[in-house]
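Thanks for coming. I will go through one structure this morning, starting with a term that we need along the way.

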Amino acid sequence: ARTAASRMAPDDRRRQLIGIGLRMLTERPIQELSVDAVAAEAGISRGLLFHYFPTKGRYYDAVLDAAVRRTLRNTEADSGIEGEAGLQQTVTRFYEQVDRRRDSYLALIFGNGALPLGGSRVQSVRRTFAERVLGMLGEPASCLPTAHAWFAYMEDRALQWAGTAEHKRMPLSAEVTHTIAALHGLLALSHSMPR
């Protein structure tokens with residue numbers, strides 16, 4: 001098995017190692033991700049893992065970057081769906097993503113320790129989502145600060161909702177309706193402000 005594993009093309013091996021890290025990230029925070037366990041699952045040595053990712057930090061960075069891409073991909077509305085329907089779909093998918101991967105999302109956004117967590121990755125998720133929503137609604141770029149602030153509100157609500165026992169939660173549809181209403185309220189306020 002090790003011989004077959006060692007023959008994998010470099011890009012395929014990197015994808016495999018990142019995929020293993022992503023799967024493990026659903027079970028534990030990034031700081032607890034063991035490169036030894038990743039290497040063992042891939043059927044390679046720890047040393048070979050470090051051939052593809054020179055340091056543990058670089059490996060963690062690659063996994064976190066992939067987690068950001070996955071979050072943005074999983075929360076995107078279907079192609080061709082715009083306006084309120086697209087907004088409804090993307091907000092619903094965001095709540096579902098946070099519900100499925102709450103601990104991983106917390107680690108991605110609020111990670112701790114000496115690792116360079118958050119920062120530009122957090123801004124990438126928030127800004128991309130805010131820009132996406134404004135584009136769907138045909139709102140001007142001048143509303144980006146409003147949409148960005150709204151995303152932080154939605155993110156906090158989604159984390160609280162996902163952390164609540166299912167029998168005590170507001171139904172997802174009601175939560176999404178509330179969150180979208182909050183966006184429209186903030187956009188209306190933004191439009192009424194003197195420029």
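Buried means under 20% relative accessible area, exposed means over 50%, and partly exposed is in between, with a 1.4 Å probe and protein chains only. By that rule Trp-161 is buried, since its relative accessible area is 9%.

Some housekeeping. This is a predicted model, in which local features need pLDDT of at least 70 and side-chain atom pairs count only at pLDDT 80 or more, while totals for chains, interfaces and linings use all residues. Residues are numbered from 1 along each chain as its sequence is written, and side-chain values use heavy atoms, with hydrogens and water left out.

Now the overall picture. The chain has 10 helices and 0 strands; these are DSSP runs numbered from the N terminus, where a helix is H or I with at least four residues and a strand is E with at least two. Along the principal axes, the C-alpha atoms fill a box of roughly 65 × 40 × 35 Å. Of the 195 residues, 42% count as buried. Contact means heavy atoms within 4.5 Å. Among contacts with a separation of 6 or more, 68% come from residues 24 or more positions apart.

Next, the rings. A pair of aromatic rings is described by the distance of the centres and the angle of the planes. Rings of Phe, Tyr and Trp (its six-membered ring) pair if their centres lie within 6.5 Å; planes under 30 degrees apart count as stacked, over 60 as edge-to-face and the rest as tilted. The structure holds 8 aromatic pairs. In one of them, Phe-53 and Tyr-59 have ring centres 5.2 Å apart and planes at 70°, so this pair is edge-to-face. Both Phe-53 and Tyr-59 are buried.

Tyr-95 and Trp-161 also pair edge-to-face, at 5.7 Å centre to centre and 80° between the planes. This pair links distant parts of the chain, with Tyr-95 in helix 6 (residues 83-100) and Trp-161 in helix 9 (residues 144-162), 66 residues apart. Tyr-95 is buried, at a relative accessible area of 0%. Elsewhere, Phe-94, Tyr-105, Phe-129, Trp-150 and Phe-151 form one aromatic cluster.

Which residues does Thr-179 touch, not counting those up to four places away in sequence? They are Val-91, Tyr-95, Trp-150, Met-154 and Arg-157. Thr-179 is in helix 10 (residues 172-192) and counts as buried because its relative accessibility is 0%. Val-133, in helix 8 (residues 120-137), is likewise buried at 0%. With the same exclusion, Val-133 touches Leu-87, Thr-90, Trp-150 and Leu-183.

On a 1 Å grid over the protein atoms alone, a cavity is a set of points where a 1.4 Å probe fits but cannot get out, and lining residues have an atom within 4 Å of a point. The count comes to 1 cavity of 30 Å³ or more. The largest cavity holds about 60 Å³, a volume being the space filled by probe spheres set on the points. Its lining includes Leu-25, Gln-97 and Tyr-105. Helix 5 (56-74) and helix 7 (102-110) each supply at least two lining residues.

How values were computed:
1 Å grid on protein atoms, 1.4 Å probe; cavity = no way out; pocket = protein on both sides within 12 Å on 5 of 7 lines; lining within 4 Å.
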